[in-house]
Amino acid sequence: PPVMLVELFFQAACVSLFLPGGQGRVYPGRKKPASFAVERRRVGPHVCFSGFGSGCCPGWMLSPGSGQCTLPLCSFGCGSGLCIAPNLCSCPDGEQGITCPEPPGTCGEYGCDISCNHGGCQEVARVCPLGFSMVETANGVRCTDIDECLSAACEGLCVNTEGGFVCECGPGMQLSTDRHSCQDTDECLATPCQHRCKNSIGSYRCSCRPGYHLHGNRHSCV
């Protein structure tokens, strides 16, 4: 139908307006216009049309002053530079790119990583996840797993895992709700014996009624 062709034309026109990789983001603190009067002002460049109405093309957002889609977004942040187009920064040194280099800063003894959120980037202290420790190697600082079994209070067997540990119990025993101590498993609840079953710590024993003797398999009565 002609209406669908018009929509496809506008969508195709929209695609050519932003650079590859640009992605629209929702910024906290910027509320969408509530009145229809403001909605009618959403005209100008970088507007995409769809079956649900119109809005800013990916990589662009409404300019607070004019209400038009003229404010570009830079997904990786521009640091001390200026975002001049979707994912295109103008940097203080005169260069342009998808982001601007941050000036060197101090982040602690283990160096720092770049954390990006909502279009801005900042240096954060480099730390290891819980259960890992910093170790300096020939290839730089690395996070290595801590063997918690060296200090864990497992009543049974301790199994070290990546970032933690797990306690296990031997045959006939089961892990308590505290996940550290072991308690006896009552095997007789599963009725393994043909006649009589007597539970014991970590095991059980079968017996037979008068007139029968225990089979060599230690479970059946003959």
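**Close-up views of a predicted model**

**View A. The disulfide of Cys 158 and Cys 149.** Cys 158 counts as partly exposed, at 22% relative accessibility; this value, like the others below, comes from a predicted model. Its disulfide partner is Cys 149, with an S to S distance of 2.0 Å. Cys 149 is partly exposed, with a relative accessible area of 22%. The torsion about the S-S bond is about -85°, so this disulfide is left-handed. The disulfide count comes to eleven.

**View B. The disulfide of Cys 169 and Cys 182.** The sulfur atoms of Cys 169 and Cys 182 are joined at 2.0 Å, and the link is left-handed, with -95° about the S-S bond. The pair connects distant parts of the chain, 13 residues apart: Cys 169 lies in the loop between strand E13 (164–168) and strand E14 (173–175), and Cys 182 in strand E15 (residues 182–184). Cys 169 is partly exposed at 22% relative accessibility, whereas Cys 182 is buried at 14%.

**View C. The region annotated as EGF-like.** An unreviewed UniProt entry assigns the annotation "domain: EGF-like" to residues 184–218. Over residues 184–218 the chain is 31% strand and 0% helix, with its end C-alpha atoms 21 Å apart. A disulfide joins Cys 188 to Cys 197, with sulfur atoms 1.9 Å apart. Its S-S torsion is about -75°, so the disulfide is left-handed. Cys 188 is buried, at 17% relative accessible area; Cys 197, at 30%, is partly exposed.

**View D. The open sheet E5-E6-E7.** Three strands, in the order E5-E6-E7, form an open sheet with antiparallel pairing. Strands E5 (82–85) and E7 (96–97) are at the edges with a single partner strand each, so one side of each has no neighbour in the sheet. E5 and strand E6 (residues 88–90) are joined by three bridges, and Ala 85 stands opposite Leu 88 in E6.

Key: Residues are numbered from 1 along each chain as its sequence is written. This is a predicted model: local features need pLDDT of at least 70, side-chain atom pairs count only at pLDDT 80 or more; totals for chains, interfaces and linings use all residues. Side-chain values use heavy atoms; hydrogens and water are left out. Two strands pair if DSSP finds at least two bridges between them. Helices (H or I, at least four residues) and strands (E, at least two) are DSSP runs, numbered from the N terminus. UniProt positions are given in the numbering used here, feature names are shortened, and annotations may be inferred rather than shown by experiment. A disulfide is a pair of cysteine sulfur atoms within 2.5 Å. Buried means under 20% relative accessible area, exposed over 50%, partly exposed in between (1.4 Å probe, protein chains only).
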